[in-house]
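Hi there,

Here is the structure I promised to pass on. Have a look at it first, and my notes follow below.

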Amino acid sequence: MGSKTQLRLPMIDFSNVELNPSSPEWKSVKAQVREALEEYGCFEATFSKVPLDLRKALFGALEELFDLPLQTKLKNSSKKPFHGYVGQYPMVPLYESMGIDHAPNPDKVQGFTQLLWPEGNPNFCKTIQSYSEKLSELDQIIRRMVLESFGLEKYMDEHMDSTNYLLRVMKYKGPQTTETKLGLNSHTDKNIVTILYQNQVDGLEVQTKDGEWINVKPSPDSFIAMIGDSFYAWTNGRLYSAHHQVMMRGNEARYSAGLFSIPKAGYIVKAPEELVDEDHPLLFKPFDHVEFLGFYYTEAGQRSPSALKAFCGV
């Protein structure tokens, strides 16, 4: 599995970066983003557009959500893999999660809220929607910077319009021991970009290209931005999609929220021709993300060292 290291993920400050490529900070931060995603596949980000009071309210909302009875949480169902309630798995007994599709959309979050709280819960609804909407701007900045850094501005509108957002909220129970216990298996994300935020209970570990594991200890003010397999494929392997896992110890529960930009059903993920040449031969055939997710959750997909290569590798 490789050894644990004292390496830290790159830290990038987006606090003064507007969604505007002509702003003075844009060029410097863009270079940092490209380098971090090539080398680590992820980085730590500070982003002041999500204020402290909203971040605190988020964790209050997550505690309230996961304290609901199991039968209520099971109402969060979806035909799309990993979009509904996940829990009660013997292999990962500490883990449970729920999915809020189209989380920046007020009507969609209202529908999710009414499903679980028929009497209404306006504070929960407002917190989730506002948090997701504000954080989606960071996702858009990162993706725009990546495309611009490769000189692919002509694909910008198509790329930005190709995704929806899913807010995946997670709880890892404290194992009530000082021994390290598995919270979530090693995996790569399958989407475009994931932006994680957690309470101050550590557990996230990220694997480097060399196979070493970094214990990620983000500050209370920072997010973890991470590339998924679909963006890795779209950039023809120019960016790195990192394996990561959660390992738990102690008594406290770990809460985290991941905002996932996900290719829409029917959108074909295909590397631009500008990123394919003699030095960078095509790695993956064009694919539908929803079909890829379906394969990932089959026995063959779970067994494969790389579900992406098994599904559509050239």
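Helices here are DSSP runs of H or I with at least four residues and strands are runs of E with at least two, both numbered from the N terminus. This is a predicted model, with local features needing pLDDT of at least 70 and side-chain atom pairs counting only at pLDDT 80 or more, while totals for chains, interfaces and linings use all residues. Residues are numbered from 1 along each chain as its sequence is written, and side-chain values use heavy atoms, leaving out hydrogens and water.

Let me start with backbone angles. Most residues other than glycine have a negative phi. Gln88, not a glycine, has a positive phi of about 60°, and sits in the loop between α3 (70-73) and β4 (95-101). Asn236 is not a glycine either, yet its phi is positive at about 55°; its loop runs between α7 (229-234) and β11 (244-250).

Are these two buried or exposed? Buried means under 20% relative accessible area, exposed over 50%, and partly exposed in between, using a 1.4 Å probe and protein chains only. Gln88 counts as exposed because its relative accessibility is 58%, whereas Asn236 counts as buried because its value is 2%.

Now for strand β11, where you will find Met248. Met248 is buried, with a relative accessible area of 0%. Leaving aside residues up to four places away in sequence, Met248 has contacts (heavy atoms within 4.5 Å) that include Leu94, Tyr172, Pro175, Val201 and Arg254. Glu39 is 209 residues from Met248 in sequence, and their C-alpha atoms are 26 Å apart in space.

Best wishes
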